[in-house]
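Dear colleague,

Please find below the sequence and the structure that I am handing over to you. My findings follow directly after them.

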Amino acid sequence: QVVVVGSYVTDLCFNCAHFPRPGETLAGTSRTGPGGKGSNQAVAAARAGAPTLYVGAIGNDAFGREAQAFYEAEGIPAHWAIKPKQPTGAAAILVNAEGQNQIIVALAANLHLRRDDLPIDAIDGARIVIAQLEADLPATTHALKLGRTAGALTVLNPAPLRPDFQPAMLKHVDILIPNETEFVELINRLGHQPGQKPLTAKALLKLAPAKLHALCGTLGVPVVIVTLGQRGCFISRADGYLEIPAFTVDAVDTTGAGDAFVGGFAAGLLEHEGDLAAAARHGCAVAALSVTKPGTAPSMPTRTAVSRFLKK
Ligand code: ADP
């Protein structure tokens, strides 16, 4: 099975005509829903058909109970670490009439996930262990280490690339999946040679594939998959590189596309017995379907929807 260790956050999404100025109170509309990169990826993998266990930390509060109820309703197994002194993670997301957003995220309980909270037996039996950087980093690193020791494939989505991220974490990673921004930051922080100009997102777009492949190689992870939004993704591993195009869809909300990709990729790895290209194509399909619907976790497609889409 797939074990996803990571964040759960309640998304509080507000639509407004314009962003409020200091002291201003605006009328708007709102919706709340389950979010957090870890949880979104677990939902994406489970809906795409992979037996999945989600591992995360929540508070003993109403949002935490909503989280548990959501997993029960979805029928996705979850291992909750309850932190009575911490609130459940929450994000205030403002979206203006132009579709731009402003977000404040309070990770709260997620930052209190501890090594002792990890379900050792489940990780021992896992084929794939997935993590991101929104939960406590020592506990996250420990989960990857346990996964690696137990013979699972370890996948890290280095998002968001926090200032306290330690490159040593990459030692425990088999497959690294950054988006363009995270990749640029990683290269500038770790793979960068003194005297070289820092890499920019603009320069990344113009790089020849062979150069991008060489840059991926400097990160010291066996497989690097850079997601490139509407351009799909780039797979780099020791024996060469591969570009997988995105699917063309009418996008209405691209938030969570990266999470959909990671979950869909993991489900694809199980379905295609470790074939990276087939798994990445599966990830692109799950992500493409997810951007055609608003929201993050609620927009993740089911296995039936994914197979129908891929047969078209
Ligand atoms: P993030 O959400 O982390 O910024 P990306 O924007 O790179 O990640 O998107 C992740 C994946 O989602 C891409 O590799 C692509 O397959 C898919 N995707 C993103 N945006 C679109 C889009 N507009 N149309 C189709 N697929 C998309």
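Helices (H or I, at least four residues) and strands (E, at least two) are DSSP runs, numbered from the N terminus. This is a predicted model, in which local features need pLDDT of at least 70 and side-chain atom pairs count only at pLDDT 80 or more, while totals for chains, interfaces and linings use all residues. Residues are numbered from 1 along each chain as its sequence is written.

**Helix H8 and the loop after it**

Just after H8, Glu273 takes a positive phi of about 45 degrees. This residue is in the loop between H8 and H9. For burial, C-beta atoms are placed from the backbone: a residue is buried if 20 or more other C-beta atoms lie within 10 Å of its own, exposed if 12 or fewer, and partly exposed in between. Glu273 counts as exposed because it has 8 C-beta neighbours inside 10 Å. H8, by contrast, is mostly covered, with 14 of its 15 residues buried.

A residue is near a molecule or strand if its C-beta atom, placed from the backbone, lies within 6 Å of it. There are 19 residues around the ligand, and Thr227, Gly229, Ala257, Gly258 and Ala287 come nearest. Helix H8 (257-271) and helix H9 (276-291) are the elements that give two or more residues to this shell. H9 gives the most, with four residues.

For the classes, Ala, Val, Leu, Ile, Met, Phe, Trp, Tyr, Cys and Pro count as nonpolar, Asp, Glu, Lys and Arg as charged, and the others, Gly among them, as polar. On this basis the shell has twelve nonpolar, seven polar and no charged residues.

Two strands pair if DSSP finds at least two bridges between them. Nine strands form an open sheet in the order E5-E4-E1-E8-E9-E10-E11-E12-E13, and the pairing is mixed. Strand E5 (78-83) and strand E13 (240-244) are its edge strands, each of which pairs on one side only.

Strand E11 (residues 223-227) pairs with strand E12 (residues 233-237) in the antiparallel sense over five bridges. Across this pair, Ile225 stands opposite Ile235 in E12, and Thr227 stands opposite Cys233 in E12. The two strands form a hairpin with five residues between them, and Gly229 in the turn has a positive phi of about 55 degrees. Both Thr227 and Gly229 are among the residues that come nearest to the ligand.

E11 also pairs with strand E10 (residues 175-176), here in the parallel sense over two bridges; Ile175 stands opposite Val223 in E11. Four of the five residues of E11 are buried, so that strand is mostly covered.

**The sheet of four strands**

A further open sheet has four strands in the order E3-E2-E6-E7, with mixed pairing. Its edge strands are strand E3 (29-35) and strand E7 (101-106), each pairing on one side only.

Strand E2 (residues 9-15) and E3 pair in the antiparallel sense over seven bridges, and Asp11 stands opposite Gly33 in E3. Strand E6 (residues 89-95) and E7 run antiparallel and are joined by six bridges, with Ala92 opposite Ile104 in E7. The hairpin of E6 and E7 has five residues between the strands, and Gly99 in that hairpin takes a positive phi near 85 degrees.

**Backbone points to inspect**

Most residues other than glycine have a negative phi, and most peptide bonds are trans. Ala108 has a phi near 45 degrees, a positive value in a residue other than glycine. Ala108 lies in the loop between E7 and helix H3 (120-124). Ala108 is buried, because 21 other C-beta atoms lie within 10 Å.

The peptide bond from Ala159 to Pro160 is cis, with omega near -15 degrees. Pro160 lies in the loop between strand E9 (153-156) and E10.

Yours sincerely
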